[in-house]
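Try each task before reading its solution.

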Amino acid sequence: MPLTRLHQQLEELRPALLRFAFLQLRQEAAAEDAVQEALLAVLEKPHSYAGQSSLRTYVTGILKFKIIDHLRALQKENRLETNEDADDSDLIDQLFLANGHTVSQPQAWARPDSELEQKDFFRVLEACLEKLPEKTARVFMMREWLELDTEEICKELGLTASNLWVVLYRARLRLRECLDLNWYAS
């Protein structure tokens, strides 16, 4: 691929990469740095991109590792506190009856496979992720987007496995509620 074409494609990908990085890091400067490092890695070794996947997939893969590196560097500087989500218990209690059953059945999602392919869905999902508490969103992104395993997330964030699963459960509940209101109800 000609270098000028690669530059142009990377410039077109930059806004999406920044959104992805910001959702995980929640700091504009850190997101910008991670994206710049990922783009620089591609530009330094353009021959490494063999075209076996889309350029976006390739660069996003590199960006994932840059984000993980940044999170590890932060971990060395200070430990994250996980008490931020304690106030979620009131919200969660309202969703369940005393016997453990849900107050109301979640509404059925029509054709979720085909809807996942729509760009609008991902815009709504990003907006829902931005509404999550910062640490909850970070844990969710580490698990679902960066595909880190439980042990690694716990080690990086100083969480117990049971605390991690509670945070993930709360994140999924809030995301589902947000998607029900902002995507599936429309």
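**Exercise 1.** Work out how α7 and α9 are oriented to each other.

*Solution.* Start with the axes, which are lines fitted to C-alpha atoms over the stretch in contact, with angles from 0 to 180 degrees between N-to-C directions. In this predicted model, local features need pLDDT of at least 70, side-chain atom pairs count only at pLDDT 80 or more, and totals for chains, interfaces and linings use all residues. Residues are numbered from 1 along each chain, and side-chain values use heavy atoms, without hydrogens and water.

Next, take the geometry: the axes of α7 (residues 134-144) and α9 (residues 161-184) come within 9 Å and cross at roughly 95°. Angles of 65 to 115 degrees count as roughly perpendicular, and α7 and α9 are therefore roughly perpendicular to each other.

Finally, look at the contact (heavy atoms within 4.5 Å). From α7, T136, V139, F140, R143 and E144 meet a set in α9 including W165, L168 and R172. By class, the contact of α7 with α9 has eight nonpolar, one polar and three charged residues.

**Exercise 2.** Find which residues of α2 are buried, and how they are placed around its axis.

*Solution.* Begin with the helix: α2 spans residues 28-44. Buried means under 20% relative accessible area, and exposed over 50% (1.4 Å probe, protein chains only). The buried residues are A30, A31, A34, V35, A38, L39 and V42. Down the axis of α2 they fall within an arc of 165°, so they line one face of the helix. Exposed A29 and E44 sit on the face of α2 turned away from that buried side.

Notes:
Helix = DSSP H or I, 4+ residues; strand = E, 2+ residues; numbered from the N terminus. Parallel < 35°, antiparallel > 145°, perpendicular 65-115°, else oblique. Nonpolar A, V, L, I, M, F, W, Y, C, P; charged D, E, K, R; others polar. Expected span 1.5 Å × (residues − 1). Arc of directions from axis to C-beta.
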